[in-house]
Each structure stands twice: as C-alpha cells, then as structure tokens.
Amino acid sequence: MKVIHTSTNATIDLLQIATAYYFYPMDDSDLNADELAASIVSEAQRNAQTELRATSEILKLAGVVLRDRASSFSRGNNSNGLSPSMQNAGNSNYSSSNALTSPIANSIGGISNSSINSGLLYDRSAINSLSDDEETGSNVAIPEYSHLPGKFGSLSFSESAELTNSPTNRTKLLSKLDGLEGCNTPRRLDRVGSNDDASGVIRNDFRDAAVSPRTRSVIEEAMGNASSGSERVKSISRKPHGRNHTTTTLSNTAVGEMETARLPKVSLSEMMPAWVKRKITAESTGTRKSGVGNSTQSKNSEQQQHYYGQYEIHSSETIISHEFNRGNWTWAMEWSPDGNYLALATENHDLAIVDAGMSASLWKVIHDDHIGRLKNDTTHTIRAIAWGTTFIAIGGTGDAVSIIEPYLPASSSLRPSGITKQSFRVVDVITETGFVSALSWQKNSNILAIGNREDQCLVVKVCRGNDSSVNTNILHNVERSDWVNAVRFSPGGTKLAIGDRSGLLSVFLFVVVEQGEPPALSSLQNITMEDNILDIQWAPDAKYLYVGGEDYCITVIGTSKWDVLQKIGRDRWVPFLAPSRGGSYLVSGGSENSVSLFDVKKEWREITSLPLDGGIPLFAKWHPKDQYLAISGQFNDVIVYETSCRRLLEGKCLRSKSAVVAVDFSPNGKILAVGMESGIISFFDAVSSIFVTLYETVIGTGGDVTIRWSPNGRVIAISSGSTFVLLDTVYSGESGKHPQNNSRFFVRKVIQAGVNFASLTFSPKSEWLALTDTRTQILDIKNNCNCVRVLDQENVLSSGWSPDGSLFALVGTRDVVSIYDARVKSPSDWELLFSISFDITLNTLCWGPSIKKGLQYLAFGGDDKRATVLEIRTFERTWEEILGIPSKSNINDLDWNDKGLLCIGDDDGVVSIVDLSYLKSGRAVNEMNYNWQRQGLICTMKLTRNLGRNAITSLRWLSSNAVRNNRNLLVVGGSDGIVEIVDLPDRR
C-alpha cells in the first residue's frame, strides 16, 4: 500500500473507514469495533488541527451523520438499505443507541445533543425515509442545505434535491462533502483519487448480503498512513486570521462552472490556421533552388487552352521569426500580460526583457542584467519566470525567489519619482526556497505558487504596505514526497495543479471562502503518472490538463471526470507543453531538434514541426493573443515565430514560371521591376491593392540579371546576360521633330558585350553609372553613356557609391575590397583609398546611411557566411571592422535603408534583418556604449521561405523618397520563382 501523500486524502480515508464500521457490522473477532471507529475519527480530527480549516467542520458533520445512522440501527429502521442479515449482525454487535453514540460524542468536539436534536443540520426523518435500493426518487420534501457548516453548505437547493433524491443518497452524503465520487453505493466503498494498490483498504463487496471481514491490522495500517501524512499540508500566515472558516468543496460540475466564470468573456481569435496552412504548403511544395516546383507547372484543362502570363497570385509561404542570441541556454520565458514584452531567463544569470515591436519595426532588448547577490548572499541561475498582473517572479538555483516590479512606458503613471525610463527593480526576496523549479501566478492576483526541490509547493501572497514597501506572506505549504517540478494555477485561478518527481499529480481546489480571507486549499484529485513529471499545463478553458515528463509521452487528462483521454508517445522526455491561448493547438517538446505542433480539434494529431538548429528545446510559450510562439532550449538563440499574417500583404505575392533573380522599386515606390532568370523583365503597379502588370519585355539571354532605377527616377538600367539596356521613363522629344511616345518606357542605350555583365549601380545624383563585365566602366549618363573611367580590378561582382557620393567600393572574387575617394568631380581623378584583402569571395555590398561627413559604413558578404560591417573614417584615412553578423549559408544580396535596417539574403531561403540605426548617431563606434552594438548582434528578424529549397537572389527596401516612406516595405525575390512585398512595421 502506498503512503497517502496529503492529509486531506488521509483524513478522508479515515472518515470512510469509520463510516464503514458504523454502516456495516464487523466480523465477530472484532469486539471493540465501536471504540476503534471512534479512535479513527479522533485521529482524523487530530490531523485536521494542523491541516485545512474546513476539515474540522467536515468531521463535525460526518459525526452527526454517523450518530444519526447509529440511531437508525438502534431503532431497527430498515430504511438504511441493509439486508436483514446485516441488520441482525449489526444488532448483535451494538445493543443500544448509547453504546453506539457515546464514542462519537466523546471523540468529536463541538457536537452536542442539543445541536443534533435542534434540527440545525438537516431533517433527519426525510433522509431516513429514503432507501438506498430505491429505483426512483422520493416525493418527500427536500431540505435546503444552505445553512449547513462545511462544504455541504455550498450546495444550492437544486443540488440538494439531486443529492437527496438519489437512490444512493446515504453513502453519497459523506462522499459529497469531500468532493468524492467513488462511494456510489452502500455495497462498495472505494477510496477515490488514490492509487489502486491503496484502494483495497476500504473496498468491500457486499453482494448477496455477504460481509467481507476486515481485520484490525488493516485499519491500523490505514491509520498509520494517515498519521504519516497529517503534517503534509499546512496553512501558514505571518498574520493571524481570526476564527476558522469553512472551505467550499463543490461537485465537479460546480467547480467547472466556477472556473468557467473566471475565464475571459471573449474567446481569443486564433491566427494559427493560416500560419500552419502556409507552413504545410511550403513543406509540401517541390520548389528547388534551381527553379520553381511542379505545382506551378501543373495546369488544368482551361489553363492549357488559355495563356495567363508568366505570373500567378500566390499565397505567401514566408515564415517570420525573431531571434535573440543569448550566448547560452535559455531555461524559461514569459510574456507580459499585455503581450508587449518578453522576459528571458538565461544560464548566464541574466534576465533580459525584450520590447516586442511596440516602439520599432524590429524587436530589441531593453533590459539585460545579472540578478546579483540576494539577501541570503546567493545568486540566481534563473530556471523559472512568472509575470503577473503587478510583479515578475524569478527563481532558480539561488535558494530564493526574487519579486521584481517592472516600470514600463505603458505604465508610466505608476513610476516612482526619479525614474525616467523603464526599470526592473527587485522589491522583495523570498529566501530559503531551495532550488526553484516552477512558478505560477494566480489570475488577476498577487498570489504566487512556488515549486522547489525541497519537496514543497509554497503558496504565497505578495503585498504592498502603506509605505509602498513590498512583503510576502506564506499562505500554504504543501509538502510532497519528492521534488516539485511543476505548479500551475488553472486559467480561472480556482484550481492548483502540482506535479513532482515521484509522478504524483495533485489537483487542489483554491477558492476564497470569505471576503478578506486568504483562499483555502482543498484536495480535489490525485493521479499517479508512470514517471517524473516535468511540466503541467491547463487548456485555456480548463477542460484538459496536459502532463509531460520522463515517461516519454504527453498525457491528456479530461477534467470533468479526471480520466486519461489520450497518451501521445514521444522520442524523448517531454520537458515542456504549451497550449495556445485559443485552445486549438498544443506545442510540445520530446524531439531532439524540433518542437511539435498538435491540433487539439483533430484529437491531438501532430500536424507539423518547427526545426531548430541543434540542441534540445527546453521551453515554449504562446503570446497572450496567440500572435507569437517563443521557443528556447539548449542552444544560444531564443526563437519567436510570428503566427499571424499581418506583415504579409494580401495580393502582394506572385509566383513565376522561372526563378526571380532581380527586383527593384522605383524611387517613388509606385512601380516594381522584376527580372526572371529567363530574361523576362516585368513592371508592376506596386501601389494598388494587388499586383497589376504594367509592362513586360525580354532582354538578353537571361541568367544573370540586374535591375537598378536611377535615384532621380528618370532612367532604369537593366543587364541580362551579355546585354545592357538603359530605358528612359520620361519623354523629352521635340514636337514635330520626334514621334510621340505613349509607351511607359523607351530605349535610350543598348550595349552588347562578349561576356555577361556582373554588376551595375548609379551614383546618388544619377550622374554616373558603374557597369561591370570583366572590368568596371564608369559611364556618363548625360553624355550618351560615354565611358569616363575604367577600373582595373577584375572579377568584380558588386559595386556601389556611399549615400553622399564621396566613396565608391568594389568587391568580387579577387578577395579584395577596393574603396575609392570619389569626392572629386570627375571619376578620372578618383584616388584609391583602401585595398583590403579577404580570403573569401564577396558577392555583394551596400552602404549604410550617411549622417556625418568623413564617417561612412560599408557592409559586404559572400561565401564566408558572414556579413561584415566596416567603419571608414575618410578624414583620418582609416577603417575598422566593427561588426560581423553570422549567416547559416552564403550571402547573395544586401540592402541597407535610411532608417538603419540592414537586410541579408542568403543561399538557404532566409532574409535576416538587423537594426543598426545606432550607427546614425554621428559618433564613431569606439566612442559609443557597447550595449548599442550588442543590440545589432543579438536581435534579428528573419523571413524564411522554403528553407533549404530556395535561394534569396535579390532584395530591396522601398526608398525613403517614396510616397509611402512611413512604411518599411521590403521586396524579396528567390530561386523558388516567388516575388513578395513584406510590410515590416508591427501594426497590432
């Protein structure tokens, strides 16, 4: 027989045994059954003195039930439902009413004859008139139980009638008091919520009026187990709370209604289906880096008969994520209640707070600091975070829980004087907690549950005094037989689930009985799992309880009957579970390099997985509105997936019949030019709600295609294979001398070469054009593209002017970055400033925004899987490598907008965006605080499309001169044949 883990169950077991002794006769060898039963009740009462306040009231009412039953025995009343043989046996053991009731009266305090006979508790005649074996309900008047003490007093009139009219009313009377459902008939008494090995102690079958003998040793064993559990749950407070109050235990239906009443009134709008659909579509398509998939080649019969052009409007397949390089494992995360901030707990003792896009397009870390030495001279490696209505609680290896009060822009009115920006101050420390494994705030309160490796679950209340100081009162101390790894309040806050290393899952009812009093804790259910419990999560509607642990499975428990609905096998331990706030999806660990997404509506079928780059995931958390899913683990990065489509514009995604290799916006943002590998150049209206084709042409032989608009918008340059074409967008012919031109573009210049062109770019004032084949020529646009300078560097792949036109740079396969001083008027007079050697091929370069003369920033990348940023100080004629941004594959294209956002397109289908706006300060990096530079290293937004099956070939920001310059629009083209415009601002 297993030891009972809580004194609530221990007391219930003793009461049921005592009730069984009074309800049924014992075997003849047990001559002192009445004294033994009385001692059992006395032991239960002793347990209750250190346990729940309501238990003493339960004992009182139970004693009255037993006395009343004893009186019915002595009167020879057959309404008790026992067979004549059992009644005779009972009469032979108990000769008088006094003999039966005397031990009870002596052992249960507060029960007097006057109180029993006054009718205060219930109408005894009405109850005794009912038979346990009746097939139908009674017509007697149903008493109202609202005046009863203890848990029974919470029953409404209808619930009282349902209970009293039941054919099994007598045995349910006591079981209903303690929330039990196992004592269904007088012929079988089961201990509910316990292990099957233990249930035999009070389980007896009286079929055919045969009484199974029970020995004193069995009863003594149960008493010993109950005694060992009598100190397991304690109600502690630093302040006296006056007289004892009763705790309300309800039926499962009533408890569920109470929980539902506290849930949000409006259900959340889940955005996952669109995201999941896009991801599954992307995974199932046959796109390759060398071209588009078979899906674009399959046509129905109508499409085979009619031609619809090179493009079709396509549903976006882009997955948007945010990544934060923490430099170590991150054990836990938590969203602020409003979802505007994300807290990260990392192995390196740091607590980081991320601004989740409220003040900028890209997220940034606004707080990142060590949790220093605490009052007991310990430090944290944070393992658990809970962000409540008022406070943040963190705990871990430091033998303490720190209570942090956040002051954020949204709550500026709450800031204390002297604080001008966001802050996160430790306002109290709960010491001697041991290793903290789990934390959970009760909904809309400052009550916190703490699970630790001291075999405890502490329930505390964080209070603010009149002097604004913060202190903590311990409400309950639930002791367990092993480490408490998981604690979780239900969404409505009326229940508390606790899971420990022994595999015991306990659910407690946690409700306020009387206004002004702390909530009482009452055992509701115990379920034993097969191994160590690592995580517990409630479904948002509290209909399910999810359990994960070292048993290699996810256990789904229905809370209406507390039965196991499903077990989902996993490859590894299940360290975390994350149900979506809308309830339709469940994210789980249990795989080595990915997390799994399950569809609750499809019986928890796994519908997709999110791959991770090495390491085991340890934690996942949904945004309060299901807009994001954050994942962390045994790797350096925290990854947050966007689950909505708000950045992906409807009608702004096209799929072509061949790879897209070049894209560019017109300076005013109204037209988008797209070049395909086949040599087809298309122009689209980028302002309308969906793409509208304006013009198409074929240039050259395709292959390598480059498109660039001049900064003034007057001309557009296109190179395709060995053909270069300069198109004019403005008609300037003389009337009567030149024919009228009604087309949108007309050809100004054509150059045919013997080899493919590799690069072209315009100067900032649209005066010069750099065109590269085997060498780089500087062409004078105003003078019919005459060549004014040839630069001898060979194998150039990319070139460009700085925004102010003072510098010109070239990169290529010679492993050299060449930078020229272009401040002089004529390119023929340019002077080479720097020739910087690198050991890799550089495919692309771009310049950052120019704020101060003599201070420029150049970014370039290539086959080293790294975007390098140089700071160039022209007056000093010096340069410095200030930043290296890693990429997981070769870099194909870069673009840097005026707001300081640098985007990096790689060979694996990923666009990485980093915020380098701090470089616009006008100060050299060596004069800055390192934290600014660190932001550029640790915070990245990523746009992923057909990962591993697509190469990002071209990308371009919308110009700051565009008509929609308040939006950070980015166009992305890839080898998967898709061109798409993404709107980066977070417009929640």
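# Exercises on a predicted model

**Exercise 1.** Find the residues that leucine 351 contacts, leaving aside its neighbours within four places in sequence.

*Solution.* Start with the cut-off: a contact is heavy atoms within 4.5 Å. With that rule, leucine 351 is in contact with Ala343, Leu344, His367, Asp368, Asp369, Ile371, Ile382, Ile385, Ile394 and Ile404.

Before you go on, a word about the model. It is predicted, so local features need pLDDT of at least 70 and side-chain atom pairs count only at pLDDT 80 or more, while totals for chains, interfaces and linings use all residues. Residues are numbered from 1 along each chain as its sequence is written, and side-chain values use heavy atoms, with hydrogens and water left out.

**Exercise 2.** Describe the largest nonpolar core and the elements that give two or more residues to it.

*Solution.* First, the terms. A nonpolar core is a set of buried Ala, Val, Leu, Ile, Met, Phe, Trp, Tyr and Cys residues joined through side-chain atoms within 4.5 Å. Buried means under 20% relative accessible area, exposed means over 50%, and partly exposed lies in between (1.4 Å probe, protein chains only). Helices (H or I, at least four residues) and strands (E, at least two) are DSSP runs, numbered from the N terminus.

Next, the core itself: it has 32 residues, and Leu351, Ile385 and Val640 have the most contacts inside it. Two or more residues each come from β4 (330-335), β5 (341-346), β6 (350-355), β8 (382-387), β9 (392-396), β29 (628-633) and β30 (637-642). The biggest share is from β5, with five residues. Finally, there is a second, separate core of 20 residues, with Cys846, Ile885, Val914 and Met928 among them.

**Exercise 3.** Work out whether strand β55 (residues 939-945) is enclosed or open, and which strands are joined to it.

*Solution.* Step one: seven of the seven residues of β55 are buried, so the strand is largely enclosed by the rest of the structure. Step two: look along both faces. Cys939, Met941, Leu943 and Arg945 point one way, while Thr940, Lys942 and Thr944 point the other way.

Step three: find the partners. Two strands pair if DSSP finds at least two bridges between them. Strand β3 (residues 318-325) runs antiparallel to β55 and is joined to it by seven bridges; here isoleucine 320 stands opposite leucine 943. Strand β54 (residues 910-915) is also antiparallel to β55, with four bridges, and serine 912 stands opposite lysine 942.

**Exercise 4.** Locate glutamate 317 and arginine 655, and say what the pair ties together.

*Solution.* Recall the general idea: side chains of opposite charge can pair when their charged atoms come close. A salt bridge is a side-chain nitrogen of Lys or Arg within 4 Å of a carboxyl oxygen of Asp or Glu, and the whole structure holds 22 of them. Glutamate 317 and arginine 655 form one, with their closest N and O atoms 3.1 Å apart. Glutamate 317 sits in the loop between β2 (311-313) and β3, and arginine 655 in strand β31 (residues 648-656), so the pair ties together parts that are 338 residues apart in sequence. Both residues of this pair are buried.

**Exercise 5.** Trace the salt bridges of arginine 873 and decide how exposed each residue is.

*Solution.* Begin with arginine 873, which counts as buried because its relative accessibility is 13%. Its side chain meets glutamate 876 in a salt bridge (3.4 Å, N to O), and glutamate 876 is exposed at 52%. A salt bridge also links arginine 873 with glutamate 880 (3.6 Å, N to O), and glutamate 880 is partly exposed at 30%. Through shared partners, Glu871, Arg873, Glu876 and Glu880 are joined into one network.
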